[in-house]
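Keep the 3D view open while you read.

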Amino acid sequence: MSISRLCVTVFILAALVPAALAQGPTLAATPPMGWNSWNHFAGRVNDADVRAAADALVSTGMRDAGYIYVNIDDTWEGQRDAQGVIHTNDKFPDMKALADYVHSKGLKLGIYSGPGPKTCAGYEASYGHEVQDANTYAGWGIDYLKYDLCSFTQIMRQQAPHDQQKQLELMKAAYEKMHQALLATGRPIVFSLCQYGWDDVWTWGPDVGGNLWRTTGDINDTYQRMADIGFGQLGLAKYAGPGHWNDPDMLEVGNGGMTSDEYRTHMSLWAILAAPLLAGNDLASMTPDTLAILTNKEVIAVDQDPLGKQGDRAFAVGLTEIWTRPLSGGAVAAGLFNRDQTEHPVTLHLRDVGFSGHAKLRDLWRHEDVTAANGSYTVTVPAHGVVMLKITP
Ligand code: GLA
């Protein structure tokens, strides 16, 4: 090929690439970040709370740190009208106006429903109204749907009594039905599967359109539950990637049930797990310490690393564990975790995480470079705490 034809070809390709990318799988290219109402507000959430959360995301700098989705969980639902169209209840007087408000702040609005007749809190869900509901959400300007199995289990049992395989097929079909309904709206809507990690959902979640899927039952604001979930995510890394993520549930950071060290463990582990970062606290009244944990840019950068590879446990010695995550540019994130109730020294051998020669080490919570001696780094990790490092070749 002549030089001039080569130049023309390169020019045409360069012009085409952005267009192709724009149509490509950019939805949830990195794990979704934002806020969800459930962990703090549960069934009490109303329009004013959601507006206050949106305001706080902007005023605290969380939006600019990447927290974009404002997700209303269960209990917004009202009744259906004679045509079957779903309406909000009194707590949410005008969902379209709320979406406009959230969008005006440079944020996106998420909502919640399920494939059964009722949600987990007993409100109206989407069974038999999937297309209608997807169109309603798109009309309101919704950008994210969490779809929670809840009462669909009764439909499964009724339609396929004692037949586990058939029940699984019914569950998949129910998620696929809403997936198709969302696609047909033409609006990009992140699809969040919530069925508590049953039936190895990570193996089929992407097939039914899931951008993320819960891998466990509900988190709560205790170290025990957070640690059981987070450290229990062994072996799931290969199922995650751009556009489709394992979801070990929403953050409890700032809700008051854990120490700062424990919340730093929560945030670090979720970042290594490439987990969605959905804050679950009252953003309008959080402490500076909570905000600092949620907006640690260096830890967020690990969570949002463009390579999109989830980390996993590399070593465990007693109650100390080292979890690592490959990052773009050949770097590695390492979480040195101490699950014990007393502090312990933990040693990271650089060779064990793929570094033979010189490597740069940075402590992502202290925000300072640290140095390895003789190819290893030993540090005291507080009770239930973490030292999180980024190792760069
Ligand atoms: C289930 C989900 C929770 C929350 C509640 C709402 O328990 O797992 O995350 O959405 O329902 O009722």
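This is a predicted model: local features need pLDDT of at least 70, side-chain atom pairs count only at pLDDT 80 or more; totals for chains, interfaces and linings use all residues.

1. Residues are numbered from 1 along each chain as its sequence is written, and side-chain values use heavy atoms, with hydrogens and water left out.

2. The protein is divided into domain 1 (3-303) and domain 2 (312-392), with bounds that come from an automatic or database domain assignment. Their centres, taken over C-alpha atoms, are separated by 30 Å. Across the boundary, 28 residues of domain 1 are in contact (heavy atoms within 4.5 Å) with 23 residues of domain 2.

3. Now look for the open sheet: eight strands in the order S9-S8-S7-S6-S5-S2-S1-S10, with parallel pairing. Helices (H or I, at least four residues) and strands (E, at least two) are DSSP runs, numbered from the N terminus, and two strands pair if DSSP finds at least two bridges between them. At the edges sit strand S9 (245-247) and strand S10 (277-279), each pairing on one side only. From one strand to the next, the twist averages 25 degrees.

4. Inside the sheet, strand S6 (residues 144-148) runs parallel to strand S7 (residues 190-194), joined by five bridges. Lysine 146 stands opposite serine 192 in S7. Helix H4 (residues 95-104) packs on the sheet, where it touches strand S2 (69-71) and strand S5 (108-113); the direction of H4 makes about 140 degrees with that of S5.

5. Helix H5 (residues 130-140) and helix H7 (residues 164-185) have axes that come within 9 Å and cross at roughly 40 degrees. Axes are lines fitted to C-alpha atoms, for helices over the stretch in contact, and angles run from 0 to 180 degrees between N-to-C directions. That makes H5 oblique to H7; angles under 35 degrees count as roughly parallel, over 145 as roughly antiparallel, 65 to 115 as roughly perpendicular and the rest as oblique. Residues making the contact include Tyr137 of H5 and Met178 of H7.

6. The axes of helix H9 (residues 223-230) and helix H10 (residues 260-272) come within 11 Å and cross at roughly 20 degrees, so H9 and H10 are roughly parallel to each other. Among the residues in this contact are Met226 and Ile229 of H9, and Leu269 and Trp270 of H10.
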